[in-house]
Amino acid sequence: MERRDNNYYDVRAQDVKLEDITSSAHNAKILRMLRDDDLASTEEEEGALYIVDYTFDHGNTIFVKEGDDWGWLGYFVGRNKQIRGLHLYCLPEEEDEVDAFMEGLCRNHSIERIGARHCEIDFSSLSPFIVNNGNLKDLRLFHVDIFCAHSLAMALSQRQHKSLTKFCFSGNNLSNDALEEISAALTGYPYLETFNVSENVLVGANGCESLGAIIRSSALRLEQVSLCGNDFDDNGLQTLTAALTNAATLQRLSLSSNRSITASGLRALSQLFSSACPVETLLLEDMNIGDEGVEALADGLMGNTTLKHLVLTPDSAGITGTGWAAFSRLLCDTSSINNTYSSNHTLEHIGDDYHYVSDPFGGPKLFRSGNYSGGYFPGIPPAVVQYLKINKENYAAKIKIGRCHPDIPVEVFFGYKLKFLPLLVSWFVGFGTRKCSNCQNSTTREFQRRELSAVYKFIRGMPMLAVDGQMRLKSSCGRKRKFDE
């Protein structure tokens with residue numbers, strides 16, 4: 001392929017026959033759309049272009065074969081002002097074709113999302129695009145053979161526009177040195193919300209230190225962190241947990257498929273659960289948690305008021321009746337009213353049956369547990385499911401106390417004398433009008449019976465005080481009527 005500069009393409013852009021530089025009429029159509037700034041948007045993604053080497057029916061797709069000119073493709077991508085997303089599933093084998101494509105791509109300033117899968121990327125040629133494109137917000141690399149990761153780190157460091165919000169490196173087998181460089185560069189991106197470094201089995205103790213540097217950075221606004229499949233051990237998790245306690249905006253954390261983590265490592269998460277970190281979703285899929293691991297998680301989640309979704313794989317988690325009993329005690333300790341009140345009333349989902357739905361207001365995807373009709377927890381014992389359902393209700397603590405303690409021991413409140421009686425009645429009235437929608441036996445009549453029983457026991461235990469209070473009330477009313485006369 002002869003060397004061409006940008007002037008070569010500028011002079012011939014309007015007159016070139018697109019059929020002569022493409023392998024199919026379909027590819028010629030896509031190139032025409034790129035040239036004329038007429039790239040169509042799909043329901044899934046606005047202004048996205050897919051470049052693949054296999055049949056792929058998804059929106060604006062160029063199926064590259066022999067006869068497609070990579071230089072012209074890069075030129076039209078570079079000058080297009082409508083393209084928002086570029087997804088590379090292949091690159092040419094010839095180095096000069098790669099250079100020609102990258103040279104054109106690097107002139108683009110409208111791309112906000114760029115992703116690459118199963119191809120080789122030399123970031124020394126892509127660096128100008130990363131440095132100069134002020135609109136780039138989303139960089140994702142999946143199973144990519146990365147040449148010169150140092151160039152990527154340098155490009156991220158030199159970038160003036162710190163607009164990157166999502167960064168994903170999955171299945172790339174980064175060395176600890178490369179990960180350290182990239183992590184150091186990313187700490188300067190204050191708008192980074194999603195950070196995904198998964199399936200990089202070379203991540204060791206030093207790699208966990210590098211990841212921790214990003215996570216603990218107070219300059220970032222991390223909301224989602226995925227570290228699944230990196231195969232770090234308990235020591236690595238302890239290092240990461242210490243950093244995660246400073247993640248004041250974190251909502252979703254994935255540690256799935258890190259099979260070297262044991263109960264000792266999971267116990268370190270107690271530090272996270274008791275910190276200011278507001279994580280709502282924790283993913284531990286494809287891990288042999290075991291009963292000891294459940295005990296560690298349950299102990300750590302006592303008093304936690306943020307975690308709603310604990311995603312694990314029941315069939316392979318190694319949890320027996322002992323472990324499920326620990327989850328049940330976490331959600332509702334029935335040994336006393338105080339212990340029931342102090343139980344966890346936040347956790348709404350345990351298991352792997354979940355999905356995400358789009359926020360109707362255009363925000364991030366929302367977590368929904370159970371199947372699409374709601375409320376199904378495969379592999380989870382009913383004794384645990386019933387409390388998960390109650391935790392979705394308002395006043396979950398009241399509902400659990402009402403279900404598990406039919407007779408309220410009002411004797412302990414005698415010291416408050418009649419001051420306690422109105423509180424007792426109002427508690428039952430409020431409870432009766434806010435019953436759990438998932439509790440079949442919690443009828444209004446049942447709560448009325450409990451209310452009358454509690455009031456009766458209170459008056460029976462302090463009869464003279466009750467009578468004296470009633471006489472004073474009548475006397476006060478009488479004097480008031482006389483005053484009115």
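Guide: Let us begin with contacts, meaning heavy atoms within 4.5 Å. Among contacts in this chain between residues at least 6 apart in sequence, 76% join residues at least 24 apart. This is a predicted model, in which local features need pLDDT of at least 70 and side-chain atom pairs count only at pLDDT 80 or more, while totals for chains, interfaces and linings use all residues. Residues are numbered from 1 along each chain as its sequence is written, and side-chain values use heavy atoms, with hydrogens and water left out.

Visitor: How many helices and strands does the chain have?

Guide: Helices (H or I, at least four residues) and strands (E, at least two) are DSSP runs, numbered from the N terminus. The chain has 19 helices and 16 strands.

Visitor: What percentage of the residues count as buried?

Guide: Buried means under 20% relative accessible area, exposed over 50%, and partly exposed in between, with a 1.4 Å probe and protein chains only. Of the 485 residues, 49% count as buried. Accessible areas come from the Shrake-Rupley method with a 1.4 Å probe; for residues, only the protein chains shown count as cover. The chain exposes about 23,900 Å², and carbon and sulfur atoms supply 49% of that area.

Visitor: Which residues of helix α2 are buried, and what covers them?

Guide: In α2 (residues 25-35), the buried residues are Asn27, Ala28, Ile30, Leu31, Met33, Leu34 and Arg35. Their cover includes strands β1 (48-52) and β2 (60-63) and helix α3 (70-79). After α2 comes Asp37, with a positive phi near 50°.

Visitor: Where else is phi positive in a residue other than glycine?

Guide: Ser257 has a positive phi near 65° and lies in the loop between β11 (252-254) and α10 (263-267). Asp286 has a positive phi near 55° and lies in the loop between β12 (281-284) and α12. Asp286 counts as partly exposed because its relative accessible area is 37%.

Visitor: Is Gly290 buried or exposed, and which residues does Gly290 contact?

Guide: Gly290 lies in helix α12 (residues 290-301) and counts as buried because its relative accessibility is 12%. Leaving aside neighbours within four places in sequence, Gly290 contacts Ala317, Gly318 and Ile319. Gly290 and Ala317 are 27 residues apart in sequence, yet their C-alpha atoms are 6.0 Å apart in space.

Visitor: How should I read the charge of Asp291 in α12?

Guide: Lys and Arg count as positive and Asp and Glu as negative; His and the chain ends are not counted. A salt bridge is a side-chain nitrogen of Lys or Arg within 4 Å of a carboxyl oxygen of Asp or Glu. Asp291 is buried but has no salt bridge, and the nearest side chain of opposite charge, Arg329, is 9.7 Å away. Beyond its neighbours within four places in sequence, Asp291 contacts Gly318, Ile319, Thr320, Thr322 and Gly323.

Visitor: Which residues form the negative surface patch?

Guide: Patches are made of residues with over 30% relative accessible area and no salt bridge; like charges are joined within 9 Å, and nonpolar side chains (Val, Leu, Ile, Met, Phe, Trp, Tyr) within 5 Å. The place of a charge is taken as NZ of Lys, CZ of Arg, CG of Asp or CD of Glu. Here the negative patch comprises Glu93, Glu94, Glu95, Asp96, Asp99, Glu120, Asp122 and Asp145. Two or more of these residues come from each of α4 (95-105) and β5 (120-122). The largest share, three residues, belongs to α4.
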